[in-house]
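Q: I am new to this structure and would like to learn how to read its features one at a time. Could you take me through them, giving the general idea before each case?

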Amino acid sequence: VCRNNNNMASHGLAYDGCNFFRQRLVLSTLSGKRVKIKNIRSKDDNPGLRDFEASLIRLLDKVTNGSIIEINQTGTVLFYQPGLLYGGSVEHDCNLQRSVGYYLEALLMLAPFMKTSLKATLRGVTNDPRDPTVDMLKSTALPLMKKFGIDGEGFDLKVVKRGMAPGGGGEVVFTCPVRRTIRPVQLTDPAKIKRIRGVAYSVRVSPQMANRIVESARGVLNQFIPDIYIYTDHMKGANSGKSPGFGLTLVAETLNGSFLSAEMSSMPQGQGDPKLPEDLGRDCAKLLLEEVHRGGCVDSSNQSLALLLMTLGQQDVSKVLLGPLSPYTIEFLRHIRDFFQLMFKIEVQKPSEDERKGGDKVLMTCVGVGYSNINKTIK
Amino acid sequence: MDGKVKEQKRHQQKHSGPKAERKKLKKQEGSTEEDGRKRNPKAFSVQSAVRMAKTFHRSQDIKTKKHHIPHVDRTPLEPPPIVIVVVGPPKVGKSTLIRCLIKNFTRQKLGDICGPVTIVSGKKRRLTFMECNNDINTMIDLAKVADLVLMLIDASFGFEMETFEFLNICQVHGFPRIMGVLTHLDSFKNNKTLRKTKKNLKHRFWTEVYQGAKLFYLSGMVYGEYQIQEVKNLGRFISVMKFRPLVWQTSHPYVLVDRMEDLTDPERVRTDPKCDRTVSLYGYLRGTHLKNKGQVHIPGVGDFQVADVNFLPDPCALPEAQKKRALNEKERLLYAPMAGVGGVVYDKDAVYIDLPASHVNQQQVRPTTELVQSLIDTHATLDAKMAASKVSLFSGSATLDSTDVGEHKEGPREECVWDPNTQRKRRKVVFTEKEEEDVSGSSDDDEDGDVDSEDGDQEEQEEDEDEDNLSTFLKDARAESDETEKTVTDAPPAKKQKVEGGKKRGEESAEVPAFADSEDDLEMSEEESEEEGENVRAGDSGHCSEEDEEESGDDDDGEEEEDDKEESEDESMEEDDAAGATMKKQTASESEEEEEDCCSRHSALEFILLFPSTGGLRWKEGLQQKASEAFLRQQKAAPNLRKLVYGSVVEADDSDDEEQELGGLFRVSRPQNSKKSQANGVDSSRFDPDASHNWDLEEMLNSIRDCFVTGKWEEDQDAATLLKEDEELYGDFEDLETGKVHKGQTGDENDEDDADDDDNESLVKVDDDEVQKKKRLEKKQRLKERFNAEYDDEDATYFDDLKEEMQKQAELNRAEFADVDDETRVQYEGFRPGMYVRLEISSLPCEFVTNFDPHYPIILGGLGASEGNVGYLQMRLKKHRWYHRILKTRDPLILSLGWRRFQTIPLYHIEDHNGRHRLLKYTPQHMHCGASIWGPVTPQGTGFLAVQSVAGTKANFRIAATGVILDLDKSVTIVKKLKLIGYPYKIFKNTSFIKGMFNTVLEVAKFEGASVRTVSGVRGQIKKALSTPPGAYRATFEDRLLMSDVVFLRSWYPVSVPQLYNPVTSLLLPAGQKDSWAGMRTLGQLKHDLGIRNKPNTDSLYKPVVRAPRHFNRLHIPKELQKALPFKSKPKQQQPKGKTPRDLQRPSVIREPHEKKVAALLLALSTVHNHKRKKAHTAQHAKHKEFLQQKEKLEEAKLKRQKEARKKLYRIQGQVDQKKSRSSLKGAEEE
């Protein structure tokens, strides 16, 4: 007489193309919604998933339990049914096409919601010009997460070895404790920048390079603030990876403890025109100025992380002041709406006439979805 | 008597004299504790430090015990009606009580209580009554949504099982407020037994709920109703009751459905009566915010995707703010669509309730129902998303709108023909936006003059252009929009940046409110590809456009990068110049874009024009105004960024259509044609810098000067001003350091001054002082805060801080979206609790509709992020102590967990000391154990209860077990013990060859090094596999084995949990049989039903024990050893001697007859002699004995004599001695 409705009605989402691949997988994992991605480079000469994407999937598989991943023959269709985040000790050799930052950004979003605290050892390229480098994530993403209540003993990101772009050979250890809930934040006032710190690194080149970078960067920044200290980090021997290179990461810290950062690395060996360290330092400093111009309490590359943590917060109002939204963030917001049915209230704050505080800011407001870490065991 | 009282002398108070003075002094000083201390210091000294510590501890304990973990107060301003569930065994008077309460509150009579009945009980409180029948399914469901439980108990009978079952259900699912009500008290004739019963019942109730729980007594009935006064008291109790939020309820949205409509096409139902139904369900949203498109679980039916949610006007609204104390008749609303009182008419959008109460004023009834009706009606106008509804109900407004509005609504849709996607998309969201547009339009109309002249011009233009075949130029637009996008991308937006600082801002504020939204809407509908174009327009705010460009730049594959820089530059230049920004921008930009704009704007305009005709209902006007205000406000704040980001909202909402297209599980949320080319872009979070910013320029550098501490500070943060302020604030304080008393006074003075000032100002109403006033207020606020901080600092504990933090968050939550209109607010927050919502669910099983019974509650329980999935759950479980049997592993069990009721197969286990989960065959009797099931993912810490069957009512207690979820996982780690046994087939010293344990060499290889044991306790280890026979191995032991030994290996075998998740679909059963749901049977039941009896293993049967007598072999000691042993230890040979050898044998003597005679004589003689000797010997012996006796006597006599002689001697001697001593004494005396 009666039929059983045995299928749990949880539906999936479908997307076209490999764009914003990470966002989709990460949000799928967090929301428990299945995702199907079709037409991945289907028109391309070399169709299907790239190695680095496959590597990311493998990493996800390592930190989860019970995920179902199906990829078709050509690699143009991916079906992902997320399992539960497991965590624990994970080692992963990241594909060299993308730097560790690419993988680490995904892990940063997942790590607080694991069953057991995560200890991930990632090997590969630590610094390249395409993704946020490990140094930058360490100096900006971690303090940002601390504002959301993710901190404590084992919250750390350590650069054990540095590996520059084509060759890689770097190693990073990321440890993160688990949280049951994320607390709401009100980051509406970035306050003024009180100091600038930075790391100028060089591997397999003359240690003098780093000094030259520092010199030139200081030259630009000194006209704003005297409190600048840029560390030089020259790694030797086994810790220096397989390729030569150098770069600079600059971080501006404000009175309220928000961090804005900019960075620049030398082009990978054998690609593009080589850059003089002086130019690099100067350009990087200008990038920082650009970042300051954009402003906000969260720097441009961590916008999505901040928004995610706001989304996953308790059912309270969270506010964050951001600089202009990056395209990546805009897409992320759309994805958040798809996966969590959550929309942000977006208000533009324009600087007043006589203020000299850079461009427009965006005040993002949302009510968290009341996410609780269902993976964590209670005793 | 009275006279006497008056005569009494009154106390005369002394006004002068020493007594009065003393008293005065006392009064002045005040008898403080300190005073007492001075007078009697001993009483206040520390007597015992230990005792003091103890009392301190105790007081602290008591203090902290009172603390609850502070929660953020998330109750909405207008909370949903309180759900009152009336529970009790049958015939206890539940319906009567509800009827009486309703009559008490609303003065209306209801006949049959069907489904939830919502009433307005007071100015700030509404109540929903729900009767709970005796079905355990209903009890479970209602316990989860109840705020207050009225537990009816038949006092004449006492407690029944149902009561305790319900209490236990409540305990598991969060304890709602429970109030007991004793009925049938009139059946007691004897007052004493009545009192006694009351007391007994009360105390039992207290132990179950809590000490001092409220228990109500309803004495006899009058005309089939409870006594008015008692009901009134009960009502009063209910309306002042406070509730503590329950965890599950506050973390999940839920709806207790009070109305259900079948929206399925009747034709489909006719052709296929079993087809899945589309149903809309109505009710107040409770718990927390509900997101659209979420997942819900309907207990008794299953999980469903919500197709659409919208909110309707409140059918049972609270009265508007007023100063009166009581409600008037009109405001005493009653809403119970399911309650069939005579003629209930279920209509598409309205429900008519017949209220045949005689004493209710007819004239007043009508307006109330009309109000309800009109509210419902009007909701439908708003709720055009209900596309299915044909707006048939609006008799009045339909004619009006049908021509204009209808056409107009159609207009954009028909325009959309060019893009099938969007065409479909439009439908739902557009409507809501249109509402806004309407609103904004109207406001524009009002303000038209103010806005700006350009706008007017523009409108004219637009009107001219009108909708001359839009489709054609829209196509063009699409084609060229790509180009424009690219141009925009490539063009360095430097100029725009510069513009930012300039006029633009001013312009925007004027321009944005008028059109931004409406444009976007239509844009959205038109096509995604236009998004960018729109953005350019929208991008008057500098960075918006930047992002746009960057985005598009990113997204673009960069294939056709044609540099149309000039164009964009032109555009931006003009933007610079533009006064009426939108207009000019458009003219500047590509014509197609402009045209699009025009269309959109035109449509908006038309709405504006049309609006007056549509606005027929009064309440709607108010709404409109409110909404328009909100809209304007909102627009001021958020120009187009929201549209840029969520421009695709429209699509998302329309995705059902796409869903249909795909016909599968999946939903395309962003089917953007333009995006397809970008679909495979680089995935990086880097935000490339704006190329236009040249950081070598001084001007650029200056633009961020103030971001650094070295820059200029704000007024309120500048060190100098702060210092000054401090002086202002503390100026008074500084001179107060001298005396404490002054401190408060000065502060007060300040406040008073301020207050006075304020008053004055308000009286005089000086306009120019506005700023000053504000400043003063701010200052006051600061002062207050500072005072508070200082004041609280004294005993500010962690708890206080936490509470304050929560308080602040709660305030923020309330304030953030308070002034946003509901349509928009719903998008940000989700639907907030307290709203009356309508949820549309497609593909409900037809039985849900055909077997609908309003007596059974329909609950829509919202599910969290991944609560729609299934997985393994690990929980802690305890058999209920009142359940009479233990539970067996793998017997199906019905669990109530979260919203769900489902059947599953649990495996019970217990954790060993090393963390291993060992399978148990049965639950322990009085202990917790673990249980693992395959079931719906539910957050940890959620309680559950288990029953073995939900069918029928048994006499026994039905709740089998209770517990809590501990862990969720996708795999389980339960193991059971497995003993592998083998037999030795060859035994060396300590090495044996064992066979029969494994089958192959490989298996052995896996267990190399594993420890084995014999039954007799000899331990050993597996060493290596042998080649033959397969599976045999060599093992060493600590001792030699016997061939009869059995070797076993103890191992742990992982057990898999059966994946059974079978929701209890009791609501789908036909009416009257809803309590007869039967799921999978247990093995025992199956066998019982089928009459199968297991053939027992013959080995397990008991047989008489036959024991063969035990034969022991002799102990054999080797000869060598025997030889070596000392004689003592040598085994003694007890066996008879062998035959004496012949040489040792002596010949026997044969006597002669004579010799025989001699021998016989000698024998006789010796016998005689012996006899004689014996005789003599005895005689001699007797004689000797006598002699000895004599001798003894003599001896005795002699001893006696001697003793006497000695005695005599001693006496004499003693006398002599005495004499001597006496004489010596005398002599001494004499001397």
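A: We can begin with exposure, where a residue is called buried under 20% relative accessible area, exposed over 50%, and partly exposed in between. Please keep in mind throughout that this is a predicted model.

Q: With those limits in hand, is Trp882(B) buried, exposed or partly exposed?
A: Trp882(B) has a relative accessible area of 29%, so this residue is partly exposed. Phe957(B), by contrast, counts as buried because its relative accessibility is 3%.

Q: Which residues form one aromatic cluster with Trp882(B) and Phe957(B)?
A: The cluster consists of Phe159(B), Phe164(B), Trp882(B) and Phe957(B). A ring can also have a charge over it, as where the charged end of Lys979(B) sits over the ring of Phe1048(B), 5.0 Å from its centre. Lys1074(B), in turn, lies over the face of Tyr856(B), at 5.9 Å from the ring centre.

Q: How should I read a strand such as β20(B), and which residues are on each side?
A: In a regular strand the side chains alternate between the two faces of the sheet. In β20(B), Leu893(B), Leu895(B) and Leu897(B) are on one side and Ile894(B) and Ser896(B) on the other, and all of them are buried, which leaves both faces covered.

Q: Which strands does β20(B) join through bridges?
A: Five bridges join β20(B) to β21 of chain B, and the two run antiparallel; within this pairing, Leu893(B) has Thr904(B) as its bridge partner. The hairpin of β20(B) and β21(B) has two residues between the strands, and Gly898(B) there takes a positive phi near 60°. Another four bridges join β20(B) to β25(B), again antiparallel, with Ala946(B) as the bridge partner of Leu895(B).

Q: Which residues touch the most other members of the largest nonpolar core?
A: A core is read as a set of buried nonpolar residues joined through their side chains. The largest one has 95 residues, and Leu30(A), Phe174(A) and Phe344(A) touch the most other members. Its largest share, nine residues, comes from helix α3 of chain A. Apart from this core lies another, of 48 residues, including Phe166(B) and Val947(B).

Q: Where is Arg22(A), and is this residue buried or exposed?
A: Arg22(A) is in helix α1 of chain A, and counts as buried because its relative accessibility is 2%. Beyond its neighbours within four places in sequence, Arg22(A) is in contact with residues of both chains, among them Tyr102(A), Glu105(A), Asp683(B) and Ser684(B).

Note on methods
Residues are numbered from 1 along each chain as its sequence is written. Chains are lettered from A and ligands numbered from 1 in the order in which they are written. This is a predicted model: local features need pLDDT of at least 70, side-chain atom pairs count only at pLDDT 80 or more; totals for chains, interfaces and linings use all residues. Side-chain values use heavy atoms; hydrogens and water are left out. A nonpolar core is a set of buried Ala, Val, Leu, Ile, Met, Phe, Trp, Tyr and Cys residues joined through side-chain atoms within 4.5 Å. Buried means under 20% relative accessible area, exposed over 50%, partly exposed in between (1.4 Å probe, protein chains only). Contact means heavy atoms within 4.5 Å. Rings of Phe, Tyr and Trp (its six-membered ring) pair if their centres lie within 6.5 Å; planes under 30 degrees apart count as stacked, over 60 as edge-to-face and the rest as tilted. A charge sits over a ring if NZ of Lys or CZ of Arg is within 6 Å of the ring centre and within 35 degrees of the ring normal. Two strands pair if DSSP finds at least two bridges between them.
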